Amino acid sequence: MIKQLLLWAGAIAALSSVSAFGQNGDITETDYVFTGTSPYHNIAVTDSDGYRMLLFDDTHESRMEVRNPYAGQYEYTDYFQMIWLWKPDVKNILMLGLGGGSTQKAMVHYHPEVKMETAEIDPMVADVAQKYFAYKLDDRQKLNVIDGRQFLRRAPEKYDAILMDAYTQGRYGASIPYELVTKEFFEIARDHLAPDGVLAYNVITILKGFNTSDIVASIYRTLKEVFPQVYIFEAKSSLNIVMVASLKKGTTDLATLKKTAQALVDAKKMTFPGFLDRVDSFQPKPPANYLNAPLLTDESAPVESLSQGVPAKSSSSASTSK
């Protein structure tokens with residue numbers, strides 16, 4: 001009897017998952033190549049018009065061209081390549097959050113000298129990335145199925161760059177796990193960076209434009225408490241911005257970055273497609289509202305409220321990190 005109840009519960013959960021995902025755009029039940037429910041997400045993989053999509057709950061997480069696993073990714077992932085503008089000799093990278101592995105694949109494909117390590121809390125995401133998104137593990141591509149902050153705290157080595165793209169499902173939708181965006185976390189990250197190391201952070205801006213987003217302003221202010229310089233790249237085709245926090249003390253501007261970018265391309269140290277064009281999205285100025293934004297700490301980090309433009313309330317409740 002117990003076994004039958006468990007089977008019915010599993011079937012109902014699977015049907016509920018498909019129903020929820022079916023509400024996204026033009027996706028239909030026939031598009032699905034995988035659905036599953038982990039302790040952290042409802043997960044789906046769909047194929048449509050030559051593209052493969054990864055969905056977490058109600059959020060499009062990753063995309064690739066089925067015929068070319070290094071193409072078709074979302075625009076914001078390109079801005080992780082900007083770390084070379086601040087540290088041209090990047091050799092080892094840590095990323096918290098896996099998704100479909102778009103960034104991880106690009107790093108080892110376009111940069112033969114780079115070793116990539118990832119921390120991902122969800123074992124189902126780890127399996128899906130390998131089975132459906134051409135994410136392959138080897139000596140240069142390593143994966144740790146573990147909470148990101150826990151992994152970083154225990155990591156013995158220092159990294160040239162740390163990339164952040166971890167999201168969880170909150171009461172308002174996709175949200176950054178609060179424990180991966182606090183001043184204390186950024187101090188841990190800073191202490192695991194090599195000299196002149198760089199941290200790059202993807203942030204979904206529900207309110208259009210980084211100058212009007214409360215969550216962007218709070219993350220910017222919090223990063224500035226720990227890193228000498230913080231800059232912004234704003235995606236043109238989605239509500240994403242990528243913040244780059246550098247341990248270098250000197251400031252920079254677009255003209256300087258363009259010269260650096262051109263030198264990297266001319267020396268064939270950068271072969272990533274569209275790299276020079278992405279540099280133009282550089283935003284040297286901070287968000288206009290950052291001085292009045294809440295400082296995010298382990299004791300108070302109202303990430304979900306800030307992400308949705310809801311009036312902030314102090315929160316120290318735990319969230320799940322990738």
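**Entry 1: the largest cavity.** I looked at its lining, keeping in mind that this is a predicted model. I found 17 residues around the largest cavity. Ser-62, Tyr-76, Thr-77, Ser-102 and Asp-165 are the ones nearest its centre. I then looked up its volume, which is about 100 Å³. Rolling a probe the size of a water molecule over the atoms shows where empty space is left. My search of the whole structure gave three cavities of 30 Å³ or more.

**Entry 2: what lines it.** I sorted the lining of the largest cavity by class: ten residues are polar, four are nonpolar and three are charged. Which elements each supply at least two residues of this lining? I noted strand 4 (59-65) and helix 3 (102-110).

**Entry 3: strand 12.** Next I turned to residues 229-234. Is strand 12 enclosed or open? Six of its six residues are buried, so strand 12 is largely enclosed by the rest of the structure. In a regular strand the side chains alternate between the two faces of the sheet. I checked the directions here: Gln-229, Tyr-231 and Phe-233 point one way, while Val-230, Ile-232 and Glu-234 point the other way. Residues on both sides are buried.

**Entry 4: its partners.** I looked up which strands pair with strand 12. Strand 13 (residues 240-246) does, antiparallel, over six bridges. A hairpin of five residues joins strand 12 to strand 13. Strand 14 (residues 282-283) also pairs with strand 12 in the antiparallel sense, over two bridges. I followed Ile-232 to both partners: it stands opposite Met-243 in strand 13 and opposite Gln-283 in strand 14.

Conventions. Residues are numbered from 1 along each chain as its sequence is written. This is a predicted model: local features need pLDDT of at least 70, side-chain atom pairs count only at pLDDT 80 or more; totals for chains, interfaces and linings use all residues. Side-chain values use heavy atoms; hydrogens and water are left out. On a 1 Å grid over the protein atoms alone, a cavity is a set of points where a 1.4 Å probe fits but cannot get out, and a pocket is an open set with protein on both sides within 12 Å along at least five of seven lines; lining residues have an atom within 4 Å of a point. Grid points are joined across faces, edges and corners, and a volume is the space filled by probe spheres set on the points. Helices (H or I, at least four residues) and strands (E, at least two) are DSSP runs, numbered from the N terminus. Ala, Val, Leu, Ile, Met, Phe, Trp, Tyr, Cys and Pro count as nonpolar, Asp, Glu, Lys and Arg as charged, and the others, Gly among them, as polar. Buried means under 20% relative accessible area, exposed over 50%, partly exposed in between (1.4 Å probe, protein chains only). Two strands pair if DSSP finds at least two bridges between them.
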